[in-house]
Amino acid sequence: MNLKDFDVLVAAARQRQDALRNTKGQEYIKYDADQLANFKRIAESLGIDPLIVWVVYASKHWDSILSFVKKRVEGSEPIVGRIDDLGNYLHLLEGLLADERTTPLGMAIPVTKEELESTRCLVCNKWRERCE
């Protein structure tokens, strides 16, 4: 696939994902201002981390994608819908991480360019601006 066709594909996927987030997403938050309310509400009721709730929810879509890859048979929902769902779940994960401002490893998530440049590289453990 050439770059132009790929860009068209990605643009269409982003439009579908945005539409999905604006419809399905509203069902999950129960009209709370917090877009991550469902993860937090379920986590609190079960006494677990909201990231664990995210893993369970996202795993459902990943499992469907893996099944499609193995069998080339769509389930109850078209594979593109599962891909769109998982794409949105990756954004939700980013939101959960940004919301708590730490990763499971306890590292601050850089938000600005300055913050990113002032973090240590996970490979060499040097400060980013000095990392080779």
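This is a predicted model: local features need pLDDT of at least 70, side-chain atom pairs count only at pLDDT 80 or more; totals for chains, interfaces and linings use all residues.
# Reading helices, salt bridges and pockets

Student: Is Ile52 buried, exposed or partly exposed?

Tutor: Buried means under 20% relative accessible area and exposed means over 50%. Ile52 has a relative accessible area of 45%, so Ile52 is partly exposed. Ile52 also belongs to a nonpolar patch on the surface, together with Leu46, Ile48 and Val56. The accessible area of these residues together is about 370 Å².

Student: How many helices and strands are in the chain?

Tutor: The chain has five helices and zero strands. Read from the N terminus, the order of elements is α-α-α-α-α. Of the 132 residues in the chain, 22% are buried.

Student: Which residues of H2 are buried?

Tutor: In H2 the buried residues are Ala37, Asn38, Phe39 and Ala43. Just after H2 comes Gly47, with a positive phi of about 70 degrees.

Student: What should I look at in a loop, for instance at Ser76?

Tutor: Look at the elements on either side, then at accessibility. Ser76 is in the loop between helix H3 (50-71) and helix H4 (79-100). Ser76 counts as exposed because its relative accessibility is 76%. Sequence and space can also be set side by side: Ser76 and Ser64 are 12 residues apart in sequence, and their C-alpha atoms are 9.6 Å apart.

Student: How many salt bridges are there in the whole structure?

Tutor: The general idea is that side chains of opposite charge can pair when their charged atoms come close. A search of the whole structure finds six salt bridges. One of them joins Asp84 and Arg16, with the closest N and O atoms 2.7 Å apart. This pair links distant parts of the chain, as Asp84 is in helix H4 and Arg16 in helix H1, 68 residues apart. Asp84 is buried, at a relative accessible area of 5%, whereas Arg16 is partly exposed at 36%.

Student: Which residue does Lys24 pair with?

Tutor: Lys24 forms a salt bridge with Asp85, and their closest N and O atoms are 3.3 Å apart. Lys24 lies in helix H1 and Asp85 in helix H4, so the bridge ties together parts 61 residues apart in sequence. Lys24 is partly exposed at 28% relative accessibility, while Asp85 is buried at 4%.

Student: Which residues are linked in a network of salt bridges?

Tutor: Asp34, Lys40 and Asp99 are linked in such a network. Between Asp99 and Lys40 the closest N and O atoms are 2.3 Å apart. Asp99 lies in helix H4 and Lys40 in helix H2, so this pair ties together parts 59 residues apart in sequence. Asp99 is partly exposed, with a relative accessible area of 44%, and Lys40 is partly exposed at 27%.

Student: Which residues lie nearest the centre of the largest pocket?

Tutor: Read a pocket by its volume, then by its lining. The largest pocket holds about 260 Å³ of space. Its lining has 15 residues, and nearest the centre are Arg21, Lys24, Gly25, Tyr28 and Leu92. H1 gives the largest share of that lining, six residues. By class, the lining of the largest pocket has seven nonpolar, five polar and three charged residues.

Student: What lines the second largest pocket?

Tutor: The second largest pocket has a volume of about 150 Å³. Among its lining residues are Val10, Arg14, Asp18, Asn88 and His91. H1 gives the most to this lining, with five residues. By class, the lining of the second largest pocket has two nonpolar, four polar and two charged residues.

Conventions: Residues are numbered from 1 along each chain as its sequence is written. Side-chain values use heavy atoms; hydrogens and water are left out. Helices (H or I, at least four residues) and strands (E, at least two) are DSSP runs, numbered from the N terminus. Buried means under 20% relative accessible area, exposed over 50%, partly exposed in between (1.4 Å probe, protein chains only). On a 1 Å grid over the protein atoms alone, a cavity is a set of points where a 1.4 Å probe fits but cannot get out, and a pocket is an open set with protein on both sides within 12 Å along at least five of seven lines; lining residues have an atom within 4 Å of a point. Grid points are joined across faces, edges and corners, and a volume is the space filled by probe spheres set on the points. Ala, Val, Leu, Ile, Met, Phe, Trp, Tyr, Cys and Pro count as nonpolar, Asp, Glu, Lys and Arg as charged, and the others, Gly among them, as polar. Patches are made of residues with over 30% relative accessible area and no salt bridge: like charges are joined within 9 Å, nonpolar side chains (Val, Leu, Ile, Met, Phe, Trp, Tyr) within 5 Å. Accessible areas come from the Shrake-Rupley method with a 1.4 Å probe; for residues, only the protein chains shown count as cover. A salt bridge is a side-chain nitrogen of Lys or Arg within 4 Å of a carboxyl oxygen of Asp or Glu.
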